[in-house]
Amino acid sequence: MSILSTLARRCAHTIDGLNLHYIVRRLTGRATCRLHREAFLAHSARIWNAFGDSDRIVIGSHSHIRGELMVLGHGGRITIGEWCYVGDDTRIWSGASIEIGNRVLISHSVNIFDNLSHPIRAAERHEQAKQIFTLGHPRRLSLDDRPIKICDDAWIGACAMVMRGVTIGEGGIVAAGAVVTKDVPAYSIVAGNPATIVRELSPDER
């Protein structure tokens, strides 16, 4: 590789990592996240920390984030391990806890929510919306939050949705567009809506 091509590649990487949203929030004293060594926030990444504690979102060494991480005002925690990838337009929203292991690949346009996003009762939804519009995310709210765990070496395909309370086992694969409502066993492939097991990975595929 020539010196010029190496320089061009490094410049492109630097520009891609110029996240003005993150910089402005840090400069204005807003809560963001804790980045470990060599963790990378692309220019498209968005960190929304309504809880107000930067330790509530932790991104491990060498992980590469291009999507949106959000901790809600009433609680939540997002922990991402080492060498993970979160694709463009992916949203990870927590009101309880979302734990992502090491070497997990999450494609683009994935939704991972450990909560219902809004209350079931219409009057409560309206009250929540009013508070968000005027004061920010409510500090006291129940969204039937249930923790999510995504174990090491899992792979989640494009446009999939992982619902609250789910555990995706080690090496589990979620097909594109799947809606995961139940636990995924280790080294299994799931697909469909709701997602069901397609097959188990053979020993030489693990």
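Q: Is Cys84 buried or exposed?

A: Burial is read from relative accessible area: buried means under 20%, exposed over 50%, and partly exposed in between, with a 1.4 Å probe and protein chains only. Cys84 has a relative accessible area of 3%, so the residue is buried. Before we go on, note that this is a predicted model, where local features need pLDDT of at least 70 and side-chain atom pairs count only at pLDDT 80 or more, while totals for chains, interfaces and linings use all residues. Residues are numbered from 1 along each chain as its sequence is written, and side-chain values use heavy atoms, with hydrogens and water left out.

Q: How many disulfides does a search of the whole structure find?

A: A disulfide is a covalent bond between the sulfur atoms of two cysteines; the cut-off here is a pair of cysteine sulfur atoms within 2.5 Å. The search finds zero disulfides. For Cys33, the nearest cysteine sulfur is that of Cys84, 14 Å away. Cys33 is also buried, at 6% relative accessibility.

Q: In what order do the six strands of the open sheet run?

A: Strands (E, at least two residues) and helices (H or I, at least four) are DSSP runs, numbered from the N terminus. Two strands pair if DSSP finds at least two bridges between them. Here the order is E1-E4-E7-E10-E13-E16, with parallel pairing. The edges are E1 (34-35) and E16 (167-168), each pairing on one side only. Two bridges join E1 to E4 (residues 57-59), and Leu35 stands opposite Ile59 in E4.

Q: Which strands form a hairpin with four residues between them?

A: That is E19 and E20. E19 (residues 188-191) and E20 (residues 196-200) pair in the antiparallel sense over four bridges, with Ala191 opposite Thr196. Look in the turn for Gly192, whose phi is positive, about 100 degrees.

Q: Which residues touch the most other members of the largest nonpolar core?

A: A nonpolar core is a set of buried Ala, Val, Leu, Ile, Met, Phe, Trp, Tyr and Cys residues joined through side-chain atoms within 4.5 Å. In this core of 36 residues, the answer is Ile112 and Ile156. E4, E6 (68-71), E7 (78-80), E10 (98-100) and E13 (148-150) each supply at least two of its residues.
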